[in-house]
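Here are some short notes for a first look at this structure. Please read them with the model open beside you.

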Amino acid sequence: MLKRLAIIPAALGLALAWNEPSIGAGAFGRTDLVDASTAIPALRVDLKYATSDNFLHRNVYGDLDRCFLHKEAAGMLAKADHFLQAEHPKYRLHVFDCARPRRVQREMWAIVKGTAQEPYVANPNDKTGSIHNYGGAVDLTIDDAAGKALDMGTPFDFFGDLAHIDAEQALIKRGRLTKVQVANRALLRQVMMRAGFQPLAVEWWHFNSASPNETRRRYRIIE
Ligand SMILES: [Zn+2]
């Protein structure tokens, strides 16, 4: 039964006459990394770590303010955008974080190491580090027709159980999340997962284009 169900998203994709997006030239001197805005012209790019509006309260990205992704992840994000447009033509994807070089990961790790924020930053010395370091992860929300981010119940980089995706129904019952907030998250997950992304249990905004093992095997880290 599961196998038969798995065929359905592919069939729906065909029904929508999906066309591969044109993806521009490389980034970071690499041909496997691209600017996601070339595949999704309407993408709202708002990299929080390129500003001081983040939990570190400082710009750790310097002049890196574009959404670079592995070309496979960029193609998948374009598919997610296509699925969103099909359902809500006036909504658009709004990204907070995309590719993050390992040197930035090291800098962020040095800032949080030994603090309460340490669990929320991947250790660059671990086997994989962060999938963002391969251009395989994207943090995002959805903007409505007025350009206002949908209410997801917490802001980006809210660290706590309210940002977790695995107990949303219980959080509704306890009055901590509304049905609308959970429906907005479900819409984001629906378009991203249909495009092949995998969600993260503890951050509603984070999606990986491949598992950590697959990422290490097929993508190359950005130094
Ligand atoms: Zn992330």
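1. Begin with two helices. In this predicted model, α3 and α6 pack with their axes 8 Å apart, at an angle of about 130°. Angles over 145 degrees would count as roughly antiparallel and those from 65 to 115 as roughly perpendicular, so α3 is oblique to α6. The crossing of α3 past α6 is right-handed. On the α3 side the contact is made by A80, F83 and L84, and on the α6 side by V191, M192 and R194.

2. Helix α3 itself covers residues 71-87, which is 17 residues. From its first C-alpha to its last it reaches 25 Å, close to the 24 Å expected at 1.5 Å a residue.

3. Which residues of α3 are buried? They are K71, A73, A74, M76, L77, A78, K79, A80, D81, F83 and L84.

4. K79 deserves a separate look. This lysine is found in α3, and K79 counts as buried because it has 23 C-beta neighbours inside 10 Å, where 20 or more are needed. The C-alpha atoms of K79 and R194 are separated by 8.4 Å, although the two residues are 115 apart along the chain.

5. Five strands form an open sheet with mixed pairing, in the order β3-β5-β6-β8-β7. Its edge strands are β3 (44-45) and β7 (198-200), each of which pairs on one side only. β3 and β5 run parallel and are joined by 2 bridges; V45 stands opposite V95 in β5.

6. Helix α6 links the two topics. Besides packing with α3, α6 lies across β6, β7 and β8 (203-208), and runs at about 130° to β6.

7. Of its 223 residues, 34% count as buried. Taking contacts between residues at least 6 apart in sequence, 70% join residues at least 24 apart.

Note on methods:
Residues numbered from 1 in each chain as written. Predicted model: local features only at pLDDT ≥ 70, side-chain atom pairs only at ≥ 80, totals over all residues. Helix = DSSP H or I, 4+ residues; strand = E, 2+ residues; numbered from the N terminus. Expected span 1.5 Å × (residues − 1). Buried ≥ 20, exposed ≤ 12 C-beta atoms within 10 Å, placed from the backbone. Contact = placed C-beta atoms within 7 Å. Pairing = 2+ DSSP bridges. Axes fitted to C-alpha atoms, helices over the stretch in contact; angles between N-to-C directions. Parallel < 35°, antiparallel > 145°, perpendicular 65-115°, else oblique. Left-handed = near helix turned anticlockwise from the far one by under 90°.
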